[in-house]
Amino acid sequence: MTALSVLAIDDSRTMRMMVTAALENAGFDVVTADDGVQGVEAFGQRRFDAVITDINMPNLDGFGVIEAIRSAPKNRRVPVLVLTTESSDEFRNRARSLGATGWLVKPFEEAGLVNTVRIVTGQDVA
Amino acid sequence: MSMDALKATFFAECEELVEAMTEGLQQIGDDDWGSETVNAIFRAVHSIKGSAGAFGFETLVAFAHRYETVLDKIRSNTLGIDADVLRVITRASDVLAELVELAQVEPDAKPAAYDPVMTDLNGYIETAAEPEPEEDLFAPVAFAALPLGLDEPEDVRIEFAPDASFYRNGHEPERIFTALGPDVSAVCDADTVPLLSDFNVDTGYLVWSLEIKGKTESEVAEAFEYAKGLGRIDYLSDDAPAPVGPVSEIAVEVPAPPSTQAKPAKARPASAQTLRIDPERVDRLINTVGELIINQAVIAQKIEGDGTPVDPEVASALDDYRYLAREIQEAVMSIRAQPVKSLFQRMARVVREAGEATGKAVSFETRGEATEIDKTLIERLADPLTHMLRNAVDHGLESPEDRAATDKHATGTVTLSAAHRSGHVMIEVSDDGAGLDRARILKKAIANGLVAEDTNLSDTEIDNLLFAPGFSTADQVTNLSGRGVGMDVVKTSITSIGGRVTITSEQGRGSTFTILLPLTLAVLDGIVVSVADETMVVPIATIIETIRASSDDVIELSPDNWVLKVRGAYVPIIDLAPLLGFRTERNAAGPFILVEAETGAVYAFAVDEIWDQRQIVIKSLEGNYGAIPGISAATILGDGQIALIVDPEALIALAGPTAMTSHKQKVGA
C-alpha cells in the first residue's frame with residue numbers, strides 16, 4: 001500500500017517532530033516546513049494528501065497558509081487541518097471561514113491526530 | 001521516536017526560545033522595538049507552552065499561558081509597556097526560563113518568584129477574563145474526545161445538506177460517512193440538483209439522508225464536528241417518518257477507502273537545529289582531525305614529493321582527500337565556537353536592573369558581540385561578568401547628583417566589549433564613573449590588615465587590592481553588589497578558566513576591568529606569512545592592510561629606524577626576521593603588513609612573503625613548550641606545517657622605543 005503524504009507546518013521543532021513521529025508510525029509520509037512561507041512553498045512543489053498547520057508562526061501565520069492554499073481552485077479538495085493551542089469558537093470560525101477542513105488542539109493525542117488525518121484523507125479508520 | 005529524544009529536542013528548542021525571548025526583551029529595554037519584537041516574544045512563549053503541554057508540564061504550561069495572555073494584550077495594544085510592565089514581563093521571562101530548567105528535573109516545582117510574578121501578571125489581566133478554565137489548556141482533540149452524552153447507542157437518523165463551503169474546505173461527504181463505521185446507509189436526494197443551465201458549480205445541492213446504526217447522537221455529532229457551519233445538519237427523531245425515497249433517489253453504498261494513492265516522494269526527516277554533545281567528544285574530534293590533516297599532508301608529500309609524474313587518478317583522489325580533510329577541519333573547528341552575543345544580551349538586563357536598584361541612570365553599550373569564543377567559556381563568564389557589571393553600576397558610577405556636579409552627563413555609561421587580541425579573547429567592562437578611590441582602597445586594606453600601614457604601593461598595586469580575598473570597598477554592604485562576594489571571587493573564577501583580570505582606572509574618568517582569556521580552541525583568522533624560513537601567522541584582527549612597496553617608499557632615518565611611506569604618512573617599520581633572531585640582515589623590500597596597535601598607532605611589519613588568509617585553530621604553546629616573546633601561540637596549517645602565531649602587541653613592545661615613538665610622524669611635511 002502506498003503511503004499518503006502529509007505536509008506539517010509548525011515553527012516549533014518539537015511539534016514538528018511529534019507530528020512526524022505520530023504520522024510516520026501510522027504509515028504516512030511526512031514533510032515538514034518551519035513557517036508559513038516555507039509551508040506554502042513546500043506545498044507548491046508537489047502533491048500532498050493533507051496539510052497540518054500551526055497558526056501562530058513567523059513570516060506567515062496559519063490563517064495565511066490556509067488562504068494561500070485555498071486561493072487556487074485546484075487545491076480546494078486538499079484537507080487542511082489546523083493544529084494549535086487555541087480552541088475558542090471565534091478562532092475556529094475564522095479558520096473554517098478561510099477554508100480549514102478541521103482543527104486539532106495542542107497538546108494532541110497521537111491516536112486522535114492519526115485518526116483525524118485518516119478521516120480527512122479518506123483512509124480507512126482503524 | 002522515543003519520548004526521551006522528543007524531550008531532548010524540546011529542551012534544546014526551549015533554550016533557543018528563551019534566548020529569542022531575552023533578545024526581544026532587551027530590545028524593549030533599549031527602547032528599540034516594534035510590533036514584531038512583541039510578536040517574537042509572544043511566539044517564543046507560545047511555542048514553549050504548546051510543546052510543554054505535550055509532556056504534561058502543567059506548571060510550565062499554566063505559567064506560560066498567563067504570561068502569553070499578558071503579552072497578547074501588549075501585542076493588541078490594550079496594554080502599553082511602561083517601566084512596571086517591562087519589569088513584570090522581564091521577571092516573567094526569568095520565571096519561565098527557570099520553569100524550563102526545573103521541568104528537566106522536577107516538573108512540578110515552582111521557583112520562588114512563581115507566585116509573586118503570577119500575581120503581577122494577573123494584575124494585567126482583566127477580572128472579566130478570569131478565571132480562565134485551566135481545563136481549556138488541555139482540551140482534548142475533537143476526535144479523541146469520549147462521548148459526553150449519557151445517550152445509549154441507538155440508531156441515529158440525520159439529514160445532511162452541505163453547502164459549497166463544505167467542499168471548498170477540503171471535505172468529502174463519504175469520508176465523514178466512512179468514519180461513522182460500517183453500519184451507515186446514506187441516501188442522496190438528487191431532486192435538489194437544478195438543470196444544467198441553472199447549475200452553479202460553487203453551490204452544494206446534494207442532500208443526504210443518513211441512518212447510522214449503533215451510534216449515539218453525540219458520537220455522530222462528533223463525526224460531523226468539522227462540518228458544523230458548513231451546511232445543514234438535522235437530527236431526525238424516531239417519531240419522524242423515515243425518509244421516503246423519491247423516484248430519483250440514488251442509493252449510495254459507502255465505499256471502501258481508496259487504496260490507490262500515488263506514491264509520494266520519500267519524506268525528508270524533520271531536521272534538528274541543535275545537538276547536545278559531550279565537549280570531550282568534540283575535543284577528541286578536534287585532535288583527531290588535526291592528526292588527519294597532518295596525515296593527509298604526509299601522504300601528499302610521499303606521492304608528489306619526489307617530482308616524478310603522478311598517475312592522474314591518484315592525483316585526483318589526492319585532491320579530493322585534501323579537500324575533504326579541510327572541509328572536516330573547518331566543520332569541526334566551528335562546533336565549539338559561539339558568538340558572545342547571547343551572553344552580552346543577558347548582561348543588558350543585569351545592568352538595567354542594577355540601575356533601577358541603585359537609582360542611577362545607566363546606558364549600556366556592547367561591542368564585539370560577534371566575537372566567537374568557546375561555548376564553555378561563555379557559560380562560565382556569566383557569573384563573573386554579572387558581578388563586575390553590578391559593581392560598575394553600584395560602585396563605579398556616581399550618583400546622578402554627583403555627576404551633575406561635574407560636567408558629566410546625568411546618564412552614566414557602562415560598556416561591555418569583546419575582541420580577539422592575538423590569541424586571546426579580551427573582554428572589558430568599563431564605566432565612565434569617578435574612577436577608583438585609591439586613598440580609600442588603601443585605607444580599607446590597612447584597616448582589614450591586608451597591607452601594613454607604612455607600605456608604599458604603586459597605583460597598580462593599590463588597584464589590585466580589590467582582588468584580595470575578603471576585600472570590600474563598600475563601607476556599607478549594598479543590596480546589590482555587596483552580597484558577600486568580592487572581586488576575589490571574580491578573579492578566582494576567571495583564573496579557573498585560564499584567564500586573568502586587570503584593572504585600569506583614571507580619576508574622574510572611570511575604570512576598566514579587562515579579562516584576558518586564552519583561546520586554546522578558538523578559531524582565529526590570520527594571514528600566513530614567511531619570515532626567513534619560518535611560516536608564521538599574523539592575526540587578521542590587528543591588520544589594516546598589506547602593502548608591496550617600491551624601494552623609494554622605504555626610508556632610512558637612522559640605522560635602527562626605518563619608515564615606510566604610506567600615502568603621505570610615515571609608518572615605523574618593524575622587521576620581523578632580525579627582531580625574532582632568525583637572521584641579521586635587514587629586509588628593506590617588504591612586503592609589509594600594516595598593523596594597528598591597541599594605542600591606535602600604526603606599524604609596518606616587514607616579512608619575506610605573504611601567502612594567504614585562513615582560519616586556524618589556536619594551539620597553546622605555553623602549556624606544552626613555554627612562553628616565547630612576541631609569539632602568542634601556534635597552529636597546525638592545512639598542510640601539516642606548524643606555524644607560530646605572532647602577537648603584534650608584544651612584537652611592537654619587543655621592537656623597543658625607537659618604533660614606539662615615531663609612529664604616524666609626518667616627515668618633512
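A salt bridge is taken here as a side-chain nitrogen of Lys or Arg within 4 Å of a carboxyl oxygen of Asp or Glu. In chain B, the side chains of B:Glu211 and B:Lys213 meet in such a bridge, at 3.6 Å from N to O. The model is predicted, with local features needing pLDDT of at least 70 and side-chain atom pairs counting only at pLDDT 80 or more, while totals for chains, interfaces and linings use all residues. Residues are numbered from 1 along each chain as its sequence is written, chains are lettered from A and ligands numbered from 1 in the order in which they are written, and side-chain values use heavy atoms, with hydrogens and water left out.

Over all chains, the structure holds 28 salt bridges. One of them joins A:Asp34 to A:Arg16, with the closest N and O atoms 3.4 Å apart. Because A:Asp34 lies in the loop between β2 (29-33) and α2 (36-45) of chain A and A:Arg16 in helix α1 (residues 13-25) of chain A, the pair ties together parts that are 18 residues apart in sequence. Helices (H or I, at least four residues) and strands (E, at least two) are DSSP runs, numbered from the N terminus. Both A:Asp34 and A:Arg16 are buried, where buried means under 20% relative accessible area, exposed over 50%, and partly exposed in between (1.4 Å probe, protein chains only).

Back in chain B, B:Glu211 is partly exposed at 27% relative accessible area, and B:Lys213 is also partly exposed, at 42%. Another salt bridge links B:Glu506 and B:Arg509 at 3.9 Å, N to O. Here B:Glu506 is partly exposed at 46%, whereas B:Arg509 counts as exposed at 58%. Elsewhere, B:Glu398, B:Arg403, B:Lys408 and B:Asp432 are joined into one network by salt bridges that share partners.

The strands of chain B come next. Strand β1 (residues 154-162) of chain B pairs with β3(B) in the antiparallel sense over six bridges; two strands pair if DSSP finds at least two bridges between them. Within this pairing, B:Glu154 has B:Lys215 in β3(B) as its bridge partner. The pairing of β2(B) with β3(B) is antiparallel and runs over six bridges, and B:Cys188 stands opposite B:Trp208 in β3(B).

The loop between β2 (184-189) and β3 (207-215) of chain B contains B:Leu196. At 75% relative accessibility, B:Leu196 counts as exposed.
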